[in-house]
There are 4 protein chains.
Amino acid sequence: MNEPTGGSRRRRRPKQQRSRATVDAIVEAARRSLGRYGALRTTAEQIARIAGVSIGTFYQYFPDKISVYSDLLDHLSGRLHRQLESVSAPATTAEGALSAIVSAYLGALRDNVAAAQQLLGQRHLLEPPERLQARHKQLHTWLVGLFDQHLPNDAPQNDLPAFVLLKAVHGVAHGATLEKPETLADGSLEHELLALVRGYLAERKKQ
Amino acid sequence: MNEPTGGSRRRRRPKQQRSRATVDAIVEAARRSLGRYGALRTTAEQIARIAGVSIGTFYQYFPDKISVYSDLLDHLSGRLHRQLESVSAPATTAEGALSAIVSAYLGALRDNVAAAQQLLGQRHLLEPPERLQARHKQLHTWLVGLFDQHLPNDAPQNDLPAFVLLKAVHGVAHGATLEKPETLADGSLEHELLALVRGYLAERKKQ
Amino acid sequence: MNEPTGGSRRRRRPKQQRSRATVDAIVEAARRSLGRYGALRTTAEQIARIAGVSIGTFYQYFPDKISVYSDLLDHLSGRLHRQLESVSAPATTAEGALSAIVSAYLGALRDNVAAAQQLLGQRHLLEPPERLQARHKQLHTWLVGLFDQHLPNDAPQNDLPAFVLLKAVHGVAHGATLEKPETLADGSLEHELLALVRGYLAERKKQ
Amino acid sequence: MNEPTGGSRRRRRPKQQRSRATVDAIVEAARRSLGRYGALRTTAEQIARIAGVSIGTFYQYFPDKISVYSDLLDHLSGRLHRQLESVSAPATTAEGALSAIVSAYLGALRDNVAAAQQLLGQRHLLEPPERLQARHKQLHTWLVGLFDQHLPNDAPQNDLPAFVLLKAVHGVAHGATLEKPETLADGSLEHELLALVRGYLAERKKQ
DNA sequence: TATGAATGAGTATTCATTCAT
DNA sequence: GATGAATGAATACTCATTCAT
């Protein structure tokens, strides 16, 4: 769950159970602080305090504040990715595949949007998060393939459609988490998103 | 264009022509700096330097750094809103109305998304931007009305659909501005967005 | 009333009625601001605003902020001095002379203690206010003379007694202005002060 | 000696021996700087430098510059109060009691008047120093009691006389510390002050 | 190892003063 | 002359990071 990443420069490699727990606590504290107070108000002290450790311990495990963000970003995207992976496998129809992926996406999102948005806002500071990039690309490629396979285009130009679909789902999911979280829980959002996806697919087939 | 807003707490009311221009320059500089360097890297000095004024002048017109962000947010949303207003008027078909609004939205967005995203990331610091909220609500209401009028529902429950459509367009537009800005210029994005909107509308009509 | 002083470095010499009024207004504004807000909160802008002039005008008449304080100090001490002068002349008994001077002193003090204290607090910044020094010395000398004349000492050492009397009256008067201003008005303070002075004098005569 | 006070808003509660010493050093440095350079010339940096700590350490223990003044004021008045308390106990004659208290007062004052005056000048900024007020009131009450007991008045109105005596001693002591510090050391000031007090007492007895 | 005291570069902010209009 | 916009050195204050205990 917290394997050392390329993006983060962890100072020491935790081997004992104790240390692993500390690292997790710090990353989790960063997530909460970012979500609650925003990036400008999130200080290293703040994170350490929420995590229940001293500032000294904080720097025993992370070389600097940014690297906690890197870890967090990786942590969040990893969670999402694992959910999506379980879908990628066998998909008879495009609708079925998209339906499954929308469902998985919403499931993975739940309580992490606030922190995720803050992280996105810090992208000026975060080193190019390779692994995250890779995952996005993977998902995108998968979507393009799906479109290529199911849309009757001669010269398929499905790069942009896949992008649009991704961002649309993204945007709706983020917005809902912030402004209509109840629709995430009662399934109504998922219902609408499927309509959005189905409609777009149908529209693309016409062309 | 820069009339004093509810959200901003201007320190001095500019009386001469000169100072009006100064205030505009500072807000514009804040927009650029936020877009280029991000919120954490944007200092008051930085903004003042880009605006070509001294730090003293900066604080002559703004009580603190945050208040420039308030002004900027209001400025940007005002610009967008004006574009959208010109559409709201006569709309024969739902498709026509939506097409016009998508087009207007993309037009207004062009070079402000970067700054806008940074601002959204600071929402913890910005006072509840009433005017912005009001504008969002207005647009949402307009969309609900459009759906109520054109969809054959007996008991119309179009609050969520309107929300979904708004956020989907929002998400796609933001994503594209950041990652595929060329599609904003060559019209291909608009084409896809219209397909998305049309498809969703068709799908909703079936229910 | 506002003749140019040694201590203050006035920038231009006011000749018209208009300018004289402006200078007075600024000095008076300084007095009020010092009394109300204290030295740390009294800015040049503040003084100018209270005086009802622009900051530009302020610096048209005074080379810097300190020089207003100099003028004010001189103004206040001048008022006190003029009161005392009218007494210095013929004094049959020591009691009579002291009684008159106490009375004059209290009369001059009334509403200026607050500002005066602030000024005293700025003595690190004010250049040695020669004229003020001179006045103090004059008063002190006069007191010493009074003691020499009326006390039956062979080798009169009345420097310290004069000092003590001066400071005692000073301290009581200041304290009363701040904490018991009503006793200044109803004469009860003067009554007590006279007792203090008389008692000290009697005590000194014994030695 | 430096227990947390009502007036001060300490930022961090010192836990180790080290930090306790640091706080003391900062308060002591503030005392020196106020006395030497005055309030306007005393900066946070200045205080930190004199204390031999970094500016960061300063703000680790005090939320802002003013709060050091609060602590200092409390510190000084506490010192004075402790001196006076040791006297209050057994007093055969009024003269004896007053003599003892004058002596104690002068002893406590020695090197703190300069700083104390600066602090008094800042009373606009300092929160109402309750504890200081309480101490003044206590001393005043004690004096009134002393007068009530020793003066042959039928309807004793000793509030003002006590006030006068307090302020007179105060004024003389302050003035001497600033202008004739040698008289504090050689005992001549104490001698004169006792004459002042004795004389006033005698004068009051006549009425 | 954990702690928290200490550091100081970096930012925010003020305010005396100048100068174009 | 009067005005107030502009200036920038000086000061207040923050927070990532180090290090003694």
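**Cavities and salt bridges in a predicted model**

Colleague: How many cavities of 30 Å³ or more does a search of the whole structure find?

Modeller: A cavity here is a set of points, on a 1 Å grid over the protein atoms alone, where a 1.4 Å probe fits but cannot get out. Searching the whole structure for those of 30 Å³ or more, the count is 5.

Colleague: Before we go on, what kind of model is this?

Modeller: Residues are numbered from 1 along each chain as its sequence is written, chains are lettered from A and ligands numbered from 1 in the order written, and side-chain values use heavy atoms, with hydrogens and water left out. Local features need pLDDT of at least 70, side-chain atom pairs count only at pLDDT 80 or more, totals for chains, interfaces and linings use all residues, and the model is predicted.

Colleague: Back to the holes: how much space lies in the largest cavity?

Modeller: The volume is the space filled by probe spheres set on the grid points, which are joined across faces, edges and corners. For the largest cavity that comes to about 140 Å³.

Colleague: Which helices each supply at least two residues of its lining?

Modeller: Lining residues have an atom within 4 Å of a cavity point, and for the largest cavity they include L98(B), Y105(B), L143(B), L166(B) and H170(B). Helices are DSSP runs of H or I with at least four residues, numbered from the N terminus. The ones you want sit in chain B: α5 (94–109), α7 (130–150) and α8 (159–179).

Colleague: How many charged residues are in that lining?

Modeller: Asp, Glu, Lys and Arg count as charged; Ala, Val, Leu, Ile, Met, Phe, Trp, Tyr, Cys and Pro are nonpolar, and the rest, Gly included, are polar. Sorted that way, the lining has 11 nonpolar and 1 polar residues, and the charged count is none.

Colleague: Zooming out, what share of chain A is buried?

Modeller: Chain A has 10 helices and 0 strands. Buried means under 20% relative accessible area, exposed over 50%, and partly exposed in between, with a 1.4 Å probe and protein chains only. Of the 207 residues in chain A, the buried share is 50%.

Colleague: In chain B, how far apart are the closest N and O atoms of K206(B) and E203(B)?

Modeller: The two are 3 residues apart in helix α10 (residues 188–206), so about one helical turn separates them. K206(B) is exposed at 65%, whereas E203(B) is buried at 8%. Their closest N and O atoms are apart by 3.5 Å.

Colleague: And in chain C, which residue forms a salt bridge with E95(C)?

Modeller: The closest N and O atoms of this pair are 3.8 Å apart, with K205(C) as the partner. The two link distant parts of the chain, from helix α5 (residues 94–109) to helix α10 (residues 188–206), 110 residues apart. E95(C) is partly exposed at 31%. Also partly exposed, at 37%, is K205(C).

Conventions:
1 Å grid on protein atoms, 1.4 Å probe; cavity = no way out; pocket = protein on both sides within 12 Å on 5 of 7 lines; lining within 4 Å. Salt bridge = Lys/Arg side-chain N within 4 Å of Asp/Glu carboxyl O.
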